[in-house]
Amino acid sequence: MSILFLIIGSIFYALSYSVFLIPHNIVPGGISGLAMVLHILLKTPVGIMVILLNIPLFIFAIRILGFSLGAKSVITIIVTNLLIDFLTYNIKIHSPTSNVILASIYGGVMLGIGLGLIFRGGANTGGTDIIGQILNRFTNFSVGIWILIVDTIIITLAGIVTNSIELALFGYLALFLSTRVIDLILEGIDYARAAFVISEKAEKVTEGIYQKLGRGITILDGFSPYTKTKRPVIMCVITKRETENFKHLIKSIDEKAFVILTDVFEVLGQGFRPRV
């Protein structure tokens, strides 16, 4: 399955650049974005430049971080970027739209799908995440903050090179969409919610959840430092569609019940099945 993720992810990744991002000079950050800036200035091939720019990064990462890049990641980096150049300069695929807004939206979404599937396949594409790890070693900023800073600098640089603030804004849009899609693929759709209930009528609440919703329940041992008393905490997992029914059910049994509802992105193991 991981190989299938890598193959499909690489295709989406390459198409996002060759079909939407490169033809419209939309730079979504990252080392690929820096390669696009060089392409705009010097007409160098984007894919080859990404590979060349990653080489010194890997060397620094190995020396400073003891970084080790898996074989799948190395192959993925080479294949995806050679595919970008092949589609862009050999096949010469034309963008299906002349609208830059549409290109940034579809390019960002396709890029997110590609990267998300590549990550699911157990590989990565190098780039700014390595820069973030290196800079984090010498500063108090987190890796995520450094990635954001570097991506912002690259997109801003693209706006300066193209003399277009709008293209920089489209780059930020594509970056935002790609990161959201990556999160969606890696974490899944939040189809479930975890519910925690503290009630003086715990038995009735438990019975009501069993009878009305048919959901399994776990009772946790709770303790209130304020009242110095032990209180059972009722925990169960429900679907988002069941949320309103769940709240009405608890309120009908105990209006004073303390209820916590939080999104759950993945539920594993026996005992929970989402109902369509």
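Which domains does the domain assignment give for the protein chain? The assignment, which may be automatic or taken from a database, gives domain 1 (1-187) and domain 2 (192-264), and the centres of domain 1 and domain 2, taken over C-alpha atoms, are separated by 44 Å. The model is predicted, so that local features need pLDDT of at least 70 and side-chain atom pairs count only at pLDDT 80 or more, while totals for chains, interfaces and linings use all residues. Residues are numbered from 1 along each chain as its sequence is written, and side-chain values use heavy atoms, with hydrogens and water left out.

The unreviewed UniProt entry lists residues 40-62, 69-89, 101-119 and 140-161 under "transmembrane region"; such positions are given in the numbering used here, with feature names shortened, and the annotations may be inferred rather than shown by experiment. Among these spans, residues 40-62 are 87% helix and 0% strand, with end C-alpha atoms 31 Å apart, and residues 140-161 are 86% helix and 0% strand, their end C-alpha atoms also lying 31 Å apart. Helices (H or I, at least four residues) and strands (E, at least two) are DSSP runs, numbered from the N terminus.

The structure holds four salt bridges, a salt bridge being a side-chain nitrogen of Lys or Arg within 4 Å of a carboxyl oxygen of Asp or Glu. One of them joins arginine 180 to aspartate 183, with the closest N and O atoms 3.7 Å apart. These two residues are three residues apart in helix α8 (residues 165-187), which means that about one helical turn separates arginine 180 from aspartate 183. Arginine 180 is partly exposed at 48% relative accessibility, as is aspartate 183 with a relative accessible area of 31%, where buried means under 20%, exposed over 50% and partly exposed in between (1.4 Å probe, protein chains only).

Another salt bridge links glutamate 242 with arginine 215, whose closest N and O atoms are 3.2 Å apart. Because glutamate 242 lies in the loop between β3 (229-239) and α10 (243-253), and arginine 215 in the loop between α9 (202-213) and β2 (218-224), this pair ties together parts that are 27 residues apart in sequence. Both glutamate 242 and arginine 215 are buried.

In helix α10, glutamate 244 and lysine 247 are three residues apart and therefore separated by about one helical turn; their salt bridge has its closest N and O atoms 3.1 Å apart. Glutamate 244 is partly exposed at 44% relative accessibility, and lysine 247 is partly exposed at 37%.
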